[in-house]
Amino acid sequence: MSDRIWLIGGTTESVQLADAIASAALPCTITVTTEAARALYPNSPLLRVWVGRLSLSDLKMFFQEHNIVAVLDASHPYAVEVSRCAIAACTQFNIPYLRYERPCLERETRGSSDAATRGEEILDPQLPITHYQLPITIQLDSCETLVTGNYLEKQRVLLTVGYKYLPLFRSWQEKATLFARILPSLVSIEAALAAGFTPDRIIALRPPISADLETALWRQWEISMVVTKASGAPGGEDVKRKVAAELGVPLIIIDRPFIDYPQQTGDLSTAIAFCQQYLFK
């Protein structure tokens with residue numbers, strides 16, 4: 001069996017990487033967590049798509065079965081456990097690792113007005129949003145920080161943070177009107193219902209979502225605040241910023257979790273060179 005790259009998938013970037021890897025004639029095993037994701041990747045004899053979840057204890061056998069010689073991690077920026085597990089396994093088995101990640105939007109593009117700058121730097125979490133001049137952009141380090149403050153009080157809030165964070169907002173169901181936009185999957189919908197979201201406050205859509213659709217949804221639900229991740233342009237952060245500014249809706253952006261990656265790039269050619277280096281050494 002030939003040596004192979006392990007591409008950790010599940011993102012738009014990983015699909016682009018897979019296409020480039022196949023074009024460069026490099027053997028690669030791609031891992032995704034759902035069968036639906038399998039169809040997103042190129043049909044090539046050089047590419048294998050493995051569906052499932054891998055724990056740290058699974059990886060030694062996975063590396064051996066697939067002859068993995070290097071790992072290219074293109075998982076979602078908020079899938080921290082996946083990356084930490086891969087880094088730990090690569091360290092343990094002395095396998096090269098490279099993180100490939102979508103770039104963050106520059107802080108300047110997240111809000112250039114005085115109100116936006118003030119919102120990112122000195123907002124008092126115990127004061128309601130209505131205390132400040134709108135529109136405003138708020139930069140927070142986590143959803144935990146958000147729910148312990150007073151930002152959401154009496155707001156009609158659209159949450160676009162993924163289903164895993166929804167349980168954190170259960171205590172706010174009686175203090176604010178919360179709406180959840182999630183992926184159209186059974187696990188996402190079940191998580192939203194379990195977190196106290198009623199069916200009329202759940203919308204299941206798969207990105208990308210256009211500015212026109214964002215605008216229509218926010219108006220339909222009379223949204224007065226939106227919470228999103230710092231997902232960059234591929235995750236629609238730029239669209240939400242644009243619509244928030246146009247509608248005068250406060251936007252709360254949750255920063256990406258910090259991970260100390262051994263090495264990282266957002267450049268496609270660098271990622272392909274990394275793969276070639278270890279396949280053809």
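1. pLDDT is the predictor's confidence in each residue, from 0 to 100. You'll want that first, since this is a predicted model: local features need pLDDT of at least 70, side-chain atom pairs count only at pLDDT 80 or more, and totals for chains, interfaces and linings use all residues. Residues are numbered from 1 along each chain as its sequence is written, and side-chain values use heavy atoms, with hydrogens and water left out.

2. The protein's average pLDDT is 88, and 88% of the residues reach at least 70. Watch residues 108-122, though: pLDDT stays under 50 there. The model still gives that stretch 28 contacts (heavy atoms within 4.5 Å) beyond four places in sequence.

3. On the overall build, the protein has 11 helices and 12 strands; these are DSSP runs, helices being H or I with at least four residues and strands E with at least two, numbered from the N terminus. Of contacts between residues at least 6 apart in sequence, 64% join residues at least 24 apart.

4. Of the 281 residues, 49% are buried, meaning under 20% relative accessible area with a 1.4 Å probe, protein chains only.

5. Have a look at Q139, which sits in strand β6 (residues 137-140). Q139 counts as buried because its relative accessibility is 10%. The Q139 side chain also makes a polar contact with the side chain of D255, at 2.4 Å. (A polar contact is a pair of N or O atoms within 3.5 Å; within protein, one must be able to donate a hydrogen and the other to accept it, and residues adjacent in sequence count only if both atoms are side-chain atoms.)

Definitions and conventions: Buried means under 20% relative accessible area, exposed over 50%, partly exposed in between (1.4 Å probe, protein chains only).
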